[in-house]
Amino acid sequence: MLIYLIAIFSGYFIFLGLLFIGWLRAIRNRNFGTVENFVSVVVAVRNEESTISTLIESLARQSYPKNKFEILVIDDHSTDQTKVELANLIAKFSNLSILVKDSVGVGKKKAITTGVEAAQGEIILTTDADCTLPIDWISGMCKVFNQDTHMVMGAVKISTNNTFFSEIQALEFSSVMGSGIAMLGWNKPVMCNGASLAFRKEAFFEVGGYGGNFQIPSGDDEFLMRKIIKRFPNSIRFVANPDCTVATAPQNSVYDFIEQRLRWAGKWKANDSALAKAVALFVLIVQGSWLVAVGCLILDFTSVEIRFLIALKIGFEFIFLWLVSRYLRQRFYFVAFATLQLLYPIYVISIGVLAQMRSYRWKGRTASFSR
């Protein structure tokens with residue numbers, strides 16, 4: 001067992017080292033331009049009456065010229081007062097170009113497609129209704145584009161609301177974000193986030209948009225990313241500017257958190273990226289091995305080798321997550337970090353298994369992940 005644990009964690013430490021180098025490569029790549037193209041911000045909404053005003057207000061504060069962008073809000077069959085709230089916001093922010101359209105079809109991918117088809121901009125930016133955008137978000141995303149760029153990924157963090165649960169969510173999500181950015185630093189993107197994403201309209205249509213993936217409830221961002229990287233190699237960039245980090249709201253309950261993570265994890269059934277599958281499987285093996293290592297330590301606390309492996313694992317993860325949190329300008333809460341050391345492997349394994357076995361509920365809909 002000791003030889004097995006040494007082998008697994010040695011591989012994991014090498015992986016963390018590669019992530020660290022990839023992270024540094026990604027955040028140091030600051031080749032910004034100065035072009036101010038006309039762009040379209042596309043937002044798919046469903047039952048967002050309580051959140052949409054914060055997003056529109058942050059769009060109204062953008063430093064990007066108001067005559068250089070439009071906002072297309074695509075309603076995915078809301079059953080609340082989202083449209084009423086949008087009408088009030090349009091009247092309040094008359095200096096903004098805001099167009100509200102009904103989605104042609106059901107689901108987020110159909111809604112975004114409806115927005116892209118109606119967009120006048122050559123660059124499409126997407127975000128979510130529960131996000132708060134920094135003042136330079138649009139300008140920062142656009143400045144990364146050059147003639148060889150077809151997609152731009154931005155950083156996203158979970159905001160905290162003075163609760164321990166939100167602190168745990170923020171730190172857990174920073175590990176996901178940090179890993180995704182680090183992999184892009186090696187020009188091997190495996191994930192992105194639609195809360196801060198931009199792509200060329202012509203590239204969207206050239207790769208067929210979400211064609212072949214409409215029946216899959218989630219993954220609009222990652223499926224499009226993989227299509228673009230396949231059709232246009234080396235064409236995806238990261239906005240290496242912490243001032244462009246988008247903040248999204250935490251989940252209010254454990255149930256909502258689990259349902260969201262099931263939605264995210266379930267799309268792996270349809271994942272055709274060998275690298276992404278390999279990384280996910282390796283992480284799953286490491287987390288299972290971590291539980292074994294903790295169990296071995298409990299049975300034999302005098303084992304120097306086990307204590308050394310555990311100390312290295314905690315130390316390397318601490319350094320990486322501290323760096324990511326610092327970049328995101330997010331508080332690193334050590335109590336949350338310590339708690340995640342115990343809860344994260346159980347959470348990862350449980351979500352991974354449940355996502356392959358059951359459906360989820362999101363925005364009042366029940367969905368499954370079958371092809």
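**A short tour**

Guide: Let's start with Asn 234, which counts as partly exposed at 45% relative accessibility; buried means under 20% relative accessible area, exposed over 50%, and partly exposed in between, with a 1.4 Å probe and protein chains only. This is a predicted model, where local features need pLDDT of at least 70, side-chain atom pairs count only at pLDDT 80 or more, and totals for chains, interfaces and linings use all residues. Residues are numbered from 1 along each chain as its sequence is written, and side-chain values use heavy atoms, with hydrogens and water left out.

Visitor: What is the phi of Asn 234, roughly?

Guide: Asn 234 sits in the loop between helix H8 (220-231) and E9; helices (H or I, at least four residues) and strands (E, at least two) are DSSP runs, numbered from the N terminus. Asn 234 isn't a glycine, yet its phi is positive, at about 60 degrees.

Visitor: Is His 77 buried, partly exposed or exposed?

Guide: You'll find His 77 in the loop between strand E2 (69-75) and helix H3 (82-92). His 77 also has a positive phi, near 60 degrees, in a residue other than glycine. Its relative accessible area is 38%, so His 77 is partly exposed.

Visitor: Which residue's backbone nitrogen does the side chain of Asn 241 reach?

Guide: Asn 241 lies in the loop between strand E9 (236-238) and strand E10 (246-248). With a relative accessible area of 19%, Asn 241 is buried. At 3.0 Å, its side chain reaches the backbone nitrogen of Asp 243.

Visitor: How far apart in space are Asn 187 and Met 153?

Guide: Asn 187 belongs to the loop between helix H6 (164-185) and strand E8 (197-200), and it is partly exposed at 27% relative accessibility. Along the sequence, Asn 187 and Met 153 are 34 residues apart. In space, C-alpha to C-alpha, the separation of Asn 187 and Met 153 is 12 Å.

Visitor: Are H11 and H12 roughly parallel or oblique to each other?

Guide: The axes of helix H11 (residues 304-327) and helix H12 (residues 334-355) come within 12 Å and cross at roughly 135 degrees. Angles under 35 degrees count as roughly parallel, over 145 as roughly antiparallel, 65 to 115 as roughly perpendicular and the rest as oblique. H11 and H12 are therefore oblique.

Visitor: Which residues of H12 make the contact?

Guide: Contact means heavy atoms within 4.5 Å. H11 brings Lys 313, Ile 314, Glu 317, Phe 318 and Leu 321. From H12 come Phe 334, Phe 337 and Gln 341.

Terms used
Axes are lines fitted to C-alpha atoms, for helices over the stretch in contact, and angles run from 0 to 180 degrees between N-to-C directions. A polar contact is a pair of N or O atoms within 3.5 Å; within protein, one must be able to donate a hydrogen and the other to accept it, and residues adjacent in sequence count only if both atoms are side-chain atoms.
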